[in-house]
Amino acid sequence: MEYGGEVDSVQHSEIAADFAAWLKSRGKRRQALTASLAGRVRQVRPQDWKALFSELRSIELQSRDLDAMSALPAAEAVELLGAATLNRSGYVREAALHKLAEFSHPRVIVYVLLRLGDWVEEVRTAANTLLRRLLLREDIEMFLENHVLIEAATRSRRVSLDGMLDALRERLLTPATRPLVLAHLRESVTAERWFLFRFLGSELARSRDFAELAVHDSAPSVRAWAAKRLPTTPGVHADLVAQLLNDPIPWVARAALQRQALPLSEAARALVEPL
């Protein structure tokens with residue numbers, strides 16, 4: 001999924017203005033605004049939701065507005081109800097999530113992830129309940145595409161989400177889903193690979209294919225991460241450790257050396273010691 005270009009504060013303001021106009025409009029005017037507004041919300045990148053929240057939070061919404069959004073075709077209803085989950089009212093956010101639960105659409109995942117760490121308990125509960133249902137579906141691609149939101153959830157200080165995150169890890173590693181995850185670890189952009197390696201870090205010790213992908217990753221930061229976490233048990237992934245000890249990037253080789261506490265080989269010495 002591509003998030004069309006930069007979404008700056010001007011565009012956020014325009015989305016908010018369109019949203020307010022949609023609420024006031026009727027008939028053909030509302031119909032014309034619906035497709036445009038839904039399309040613009042759909043293009044918001046995961047890292048831009050906080051800025052959009054600042055623009056949408058103060059727009060007043062009534063239950064009849066949520067009913068009108070729910071009556072739209074699914075592809076449009078999900079985006080407008082998703083925008084409603086950014087409202088300042090906890091009642092509105094919770095009600096919007098309940099409305100979203102009526103739709104079987106992959107984009108619902110985005111708005112559930114946004115509310116996992118909500119400051120209102122009832123909203124968090126609604127989001128967590130819906131997420132557990134979504135984990136039973138095959139929309140794993142949408143989870144991976146929104147890794148920025150999952151990573152934000154892992155940093156939540158408001159409430160512990162460990163149980164929910166463990167459920168997501170388990171879902172990503174099922175036999176049916178694992179090949180897709182490994183494909184993303186081979187082919188996706190660095191930011192997504194970096195997230196997945198850290199999120200599924202326990203696999204490094206028990207999964208040969210996971211460890212190989214980390215050691216051979218094109219990003220030195222990923223290889224250094226693997227070097228610091230590969231098991232130190234003699235003989236376990238020994239060939240991969242050897243590769244890291246001879247990595248062409250000095251600080252990656254140094255990380256492997258420090259982790260394994262091994263004597264310097266001549267090749268490693270040339271990399272980690274100054275001339």
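Which residue caps the N-terminal end of α6? In this predicted model, the cap is serine 89, a side-chain oxygen of which lies 3.3 Å from the backbone nitrogen of tyrosine 91. Helix α6 spans residues 90–100, and its buried residues are Gly90, Val92, Arg93, Ala96, Leu97 and Leu100. These residues lie on the same side of α6, because the arc they cover around the axis is only 165 degrees. An α-helix has 3.6 residues a turn, so residues three or four places apart point the same way. The cover over the buried residues of α6 includes α4 (63–70), α5 (74–84), α7 (108–114) and α8 (121–134).

In soluble globular proteins, nonpolar side chains tend to be buried together. When residues up to four places away in sequence are not counted, phenylalanine 19 touches Leu37, Leu56, Ile59, Leu61, Met69, Leu80, Ala83 and Ala84.

Aromatic pairs were searched for across the whole structure, and 6 were found. One of them joins tryptophan 194 and tryptophan 225 in an edge-to-face arrangement, with 6.5 Å from centre to centre and 90 degrees between the planes. This pair links distant parts of the chain, 31 residues apart: tryptophan 194 belongs to helix α13 (residues 190–199) and tryptophan 225 to helix α16 (residues 220–229). The two residues were assigned to separate accessibility classes. Tryptophan 194 counts as partly exposed because its relative accessibility is 25%, whereas tryptophan 225 is buried because its relative accessible area is 6%.

A further edge-to-face pair is formed by phenylalanine 197 and phenylalanine 210, whose ring centres are 5.3 Å apart and whose planes are at 75 degrees. Here, too, distant parts of the chain are linked, with phenylalanine 197 in helix α13 and phenylalanine 210 in helix α15 (residues 208–215), 13 residues apart. Both phenylalanine 197 and phenylalanine 210 are buried. Ring pairs join Trp194, Phe197, Phe210 and Trp225 into a cluster.

Arginine side chains were also found over aromatic rings. Arginine 30 lies over the face of tryptophan 22, at 3.8 Å from the ring centre. Arginine 169 has its charged end over the ring of phenylalanine 199, 4.2 Å from the centre of that ring.

Arginine 45 is located in the loop between α2 (27–42) and α3. Arginine 45 is classed as buried because its relative accessible area is 14%, and its side chain makes a polar contact of 2.7 Å with the side chain of aspartate 48. Glutamine 62 is placed in the loop between α3 (49–56) and α4. With a relative accessibility of 39%, glutamine 62 counts as partly exposed. The C-alpha atoms of glutamine 62 and leucine 52 are 20 Å apart in space, for a sequence separation of 10 residues.

Technical notes. Residues are numbered from 1 along each chain as its sequence is written. This is a predicted model: local features need pLDDT of at least 70, side-chain atom pairs count only at pLDDT 80 or more; totals for chains, interfaces and linings use all residues. Side-chain values use heavy atoms; hydrogens and water are left out. Rings of Phe, Tyr and Trp (its six-membered ring) pair if their centres lie within 6.5 Å; planes under 30 degrees apart count as stacked, over 60 as edge-to-face and the rest as tilted. Helices (H or I, at least four residues) and strands (E, at least two) are DSSP runs, numbered from the N terminus. Buried means under 20% relative accessible area, exposed over 50%, partly exposed in between (1.4 Å probe, protein chains only). A charge sits over a ring if NZ of Lys or CZ of Arg is within 6 Å of the ring centre and within 35 degrees of the ring normal. The arc is that of the directions from the helix axis to the C-beta atoms. Contact means heavy atoms within 4.5 Å. A polar contact is a pair of N or O atoms within 3.5 Å; within protein, one must be able to donate a hydrogen and the other to accept it, and residues adjacent in sequence count only if both atoms are side-chain atoms.
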